[in-house]
Amino acid sequence: MTHVLQLDDVSKQFRSGGLFSARTVNAVKHVSFTLDDDIPEVFAIVGQSGSGKSTLANMILGSEKPSSGSISVLGEDITDRRSGQEKQRFMSRVQPIFQNPFEAFNPLTRIDSYLFSTARRFRGARSRKDEEALSEESLQLVGLSMDEVRGRYSHELSGGQLQRIAVARALIPKPDLIIADEPVSMVDASLRMSIVNLFRELRDQLGVSIIYITHDLATAYYISDRLIIMKSGEIVESGLAKEVLDNPQHPYSRALKEAVLPPDPERAHEVIRLG
Ligand SMILES: Nc1ncnc2c1ncn2[C@@H]1O[C@H](COP(=O)(O)OP(=O)(O)OP(=O)(O)O)[C@@H](O)[C@H]1O
């Protein structure tokens, strides 16, 4: 069986401070987990600020190198990718969605040009007609259309629309895995559920796996199949979302659940709607 993603005993240390006050931060400690190729899923990484979620995401995206351990995507170890071609192939398989859509899109650049350049780079589009067709196909998957996006700039669209466009852009290369790092924290509370629900729809329609990184246990419980809970760089609990949240074992997971979920977790979505 191939794995979409396999992390094996991954750790990351950062050294910070000056020459005489240097200290080591253990941002990620001995993290292992696997996402199987034949079972697309929404996999949540949950933890509070500083728990190591973004460092983990950056290592999976290849922008940080693990200090130890290995990461492989579809059976290929990503830590020793060399050529530009290999990098390009990897990027088409693993696509990111960032936290702040207003920062992800330059205010002076038309939004459609991000879609068009992704279509050229990853799908070999040669004409405007091809770029439009591939962009339209992806926008339709997120409930938008080229007519709503064509010629517009980021300030003319809402945070929710921009984040949907970011998802559409990430879908153009036909990735196997999407890494969404706090994708709804900058989006209006009333729109959050519709965006996170989109991840489940994409899992079912396209068979793409999604790593949903969040500090928000309620949305994670509501949309993910499996989750891991991180604290100080370590996984303190992992398993099927429902089983972990219905019966948390670690004191930290229990405290987190009590802090954010109503007594009846089936009603988690009500809390989310209230924001
Ligand atoms: N480049 C870096 N240099 C030094 N320390 C870092 C660096 N990046 C992260 N850290 C430290 O590693 C730890 C984990 O940070 P990380 O950003 O991964 O956590 P997080 O769970 O994503 O938090 P947040 O939600 O606030 O981004 C923190 O103590 C952070 O200060």
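Helices (H or I, at least four residues) and strands (E, at least two) are DSSP runs, numbered from the N terminus. Residues are numbered from 1 along each chain as its sequence is written. Please keep in mind that this is a predicted model, in which local features need pLDDT of at least 70 and side-chain atom pairs count only at pLDDT 80 or more, while totals for chains, interfaces and linings use all residues.

Let us start at the ligand. A residue is near a molecule if its C-beta atom, placed from the backbone, lies within 6 Å of it. There are 13 residues around the ligand, and F14, A27, S49, S54 and T55 come nearest. At least two residues of this shell come from each of β1 (3-16), β2 (23-36) and α1 (53-60), and α1 gives the largest share, three residues.

Next, the strands, which pair if DSSP finds at least two bridges between them. Strand β3 (residues 42-46) runs parallel to strand β9 (residues 226-231), joined by four bridges; here V46 stands opposite I229. On β9 there is also an antiparallel pairing with strand β10 (residues 234-240), over six bridges, where I228 has S238 as its bridge partner.

Finally, look at two helices. Helix α4 (residues 111-123) packs against helix α5 (residues 128-141) at an angle of about 105 degrees, with axes 9 Å apart; the axes are lines fitted to C-alpha atoms over the stretch in contact, and angles run from 0 to 180 degrees between N-to-C directions. That makes α4 roughly perpendicular to α5, a term for angles of 65 to 115 degrees.

Key
Parallel < 35°, antiparallel > 145°, perpendicular 65-115°, else oblique.
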